[in-house]
Amino acid sequence: MENVLRPLIVVGGSVLLTLVIGWATDLLLRKADARHSETPMWGLLRRGRIPYQLVLCAAMLRGSFDQARMLERHSAGIGQTLTLVLIGSAAWLVIRIAAAIVETTYTRYARVHRDPARVRRVRTQVTLIMRVVAATVGVVAVAAMLLTFPAMRAAGASLLASAGILGIVAGVAAQSTLSNMFAGLQIAFGDMVRIGDTVVVDGEWGTVEEITLTFLTVRTWDERRITMPVSYFTSKPFENWSRGTPQMTGIVFWHVDHTAPVELMRERLRDILRECPAWDGRDYGLAVTDTTPNTMQVRALVTAKDADDIWTVRVTVREQMIRWLTDHHPYALPRVNTADATMAPGFRSRDGHRPDGAHSGVPARRAHEAPRTGRG
């Protein structure tokens with residue numbers, strides 16, 4: 001009877017105690033979350049209840065398994081397994097706790113500061129910090145697991161002896177990866193590009209969606225994703241439309257006839273912008289910037305609060321101005337001149353004809369007549 005009750009009490013008691021402590025802890029976290037709704041800390045900590053219970057259960061079983069006196073032939077293997085589970089679940093719990101702390105800090109910062117650029121910069125830094133923390137904790141956990149095996153301890157001395165050569169080989173082999181990792185840290189803390197920034201890379205316009213230690217993802221306007229190594233942004237030029245303030249100035253061009261009513265176009269531009277919600281009201285203007293033999297180029301300057309709104313303002317102004325010219329001033333649209341050209345006085349062609357139909361007095365031969373010769 002003792003051989004049956006002892007394992008049941010040890011294993012069952014450990015599991016039951018783990019469930020009770022986990023339930024009580026989760027209840028306290030829910031009450032704290034309801035009482036302090038201004039901070040997401042307690043709600044985020046509840047995400048770690050599974051690794052928390054695994055740590056408790058593994059720790060209690062690891063400490064009391066010898067007292068159960070069960071499977072004594074496999075006690076070493078079971079103890080090793082419990083140790084590995086304890087280390088892995090502890091690393092998982094540390095990552096969850098660190099994520100809750102970092103996310104709470106970012107949320108408080110975003111509530112206090114209203115500057116979108118600074119908030120995006122902190123968001124980028126927080127994301128990369130969490131990736132570094134998770135990678136560091138994971139490496140430490142794997143190292144701790146390996147050190148629990150006696151064979152790994154014996155191999156440690158030989159590995160340390162050749163650490164210099166291995167470091168050189170690893171550095172050469174992982175040169176690209178290491179450069180991307182350092183470039184990712186440089187982007188995060190150098191404020192070069194942030195999550196949510198509007199950028200133009202290789203002629204593609206899009207928004208930075210994700211930044212990691214090795215690559216960066218840009219979401220284009222047509223919902224495509226462009227994945228690029230972060231080292232690209234530290235070695236090549238690119239456009240960042242969100243750098244500084246997100247306010248932008250857009251340009252709209254028209255090619256119109258020389259008789260186009262420029263002053264009326266300025267007034268119409270003002271009316272169009274007043275009816276456009278995306279215009280921020282800062283500035284606008286219209287001027288003739290170039291001419292050609294057949295048309296003149298008219299440029300309009302408009303402003304908006306960000307890249308998305310400037311696109312809306314530009315297409316709205318372009319469409320409504322063309323429609324207004326078509327309905328009220330069709331003569332202002334570009335056209336091809338088909339009238340006869342006015343030649344200079346006294347101009348004659350090679351055959352003696354003038355453009356106005358007169359000729360020099362020498363009759364022109366017909367095309368089918370052959371030239372006469374002196375032989376009659």
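Colleague: Which elements each supply at least two residues of the lining of the second largest pocket?

Modeller: This is a predicted model, in which local features need pLDDT of at least 70, side-chain atom pairs count only at pLDDT 80 or more, and totals for chains, interfaces and linings use all residues. Residues are numbered from 1 along each chain as its sequence is written, and side-chain values use heavy atoms, leaving out hydrogens and water. On a 1 Å grid over the protein atoms alone, a pocket is an open set of points where a 1.4 Å probe fits, with protein on both sides within 12 Å along at least five of seven lines, and a lining residue has an atom within 4 Å of a point. With helices (H or I, at least four residues) and strands (E, at least two) taken as DSSP runs numbered from the N terminus, the elements are β2 (204–211), β3 (215–220) and α11.

Colleague: Is Thr198 buried or exposed, and what is its relative accessible area?

Modeller: Thr198 belongs to strand β1 (residues 198–201). Leaving aside neighbours within four places in sequence, its contacts (heavy atoms within 4.5 Å) include Trp205, Thr207, Trp241 and Ala307. Buried means under 20% relative accessible area, exposed over 50% and partly exposed in between, with a 1.4 Å probe and protein chains only. Thr198 is therefore buried, with a relative accessible area of 8%.

Colleague: How many residues of the lining of the largest pocket are nonpolar, polar and charged?

Modeller: The largest pocket has a volume of about 270 Å³, and among its lining residues are Trp205, Trp221, Trp241, Met248, Thr249 and Arg314. Two or more lining residues come from each of β6 and α11. Ala, Val, Leu, Ile, Met, Phe, Trp, Tyr, Cys and Pro count as nonpolar, Asp, Glu, Lys and Arg as charged, and the others, Gly among them, as polar. On that basis the lining divides into eight nonpolar, two polar and one charged.

Colleague: Against which elements do the buried residues of α11 pack?

Modeller: The expected span of a helix is 1.5 Å times one less than its number of residues. For the 22 residues of α11 this gives 32 Å, and the end C-alpha atoms are 32 Å apart, so the two agree. Along this helix, the buried residues include Ala307, Ile310, Val313, Val317 and Met321. The buried residues of α11 pack against β1, β2, β6, α10, β7 and β8.

Colleague: How far apart are the C-alpha atoms of Arg299 and Val252?

Modeller: Arg299 lies in strand β8 and is partly exposed, with a relative accessible area of 28%. Beyond residues up to four places away in sequence, Arg299 touches Ile251, Val252, Phe253, Gly285, Leu286, Ala287 and Thr289. Although Arg299 and Val252 are 47 residues apart along the chain, their C-alpha atoms are separated by 5.7 Å.

Colleague: What is the phi of Asp202, which is not a glycine?

Modeller: Asp202 is placed in the loop between β1 and β2. Asp202 is exposed, with a relative accessible area of 61%. Its phi is positive, at about 55 degrees.

Colleague: What percentage of the residues of the protein count as buried?

Modeller: The secondary structure comprises 11 helices and eight strands. Among contacts between residues at least 6 apart in sequence, 65% join residues at least 24 apart. Of the 376 residues of the protein, the share that counts as buried is 30%.

Definitions and conventions
Grid points are joined across faces, edges and corners, and a volume is the space filled by probe spheres set on the points.
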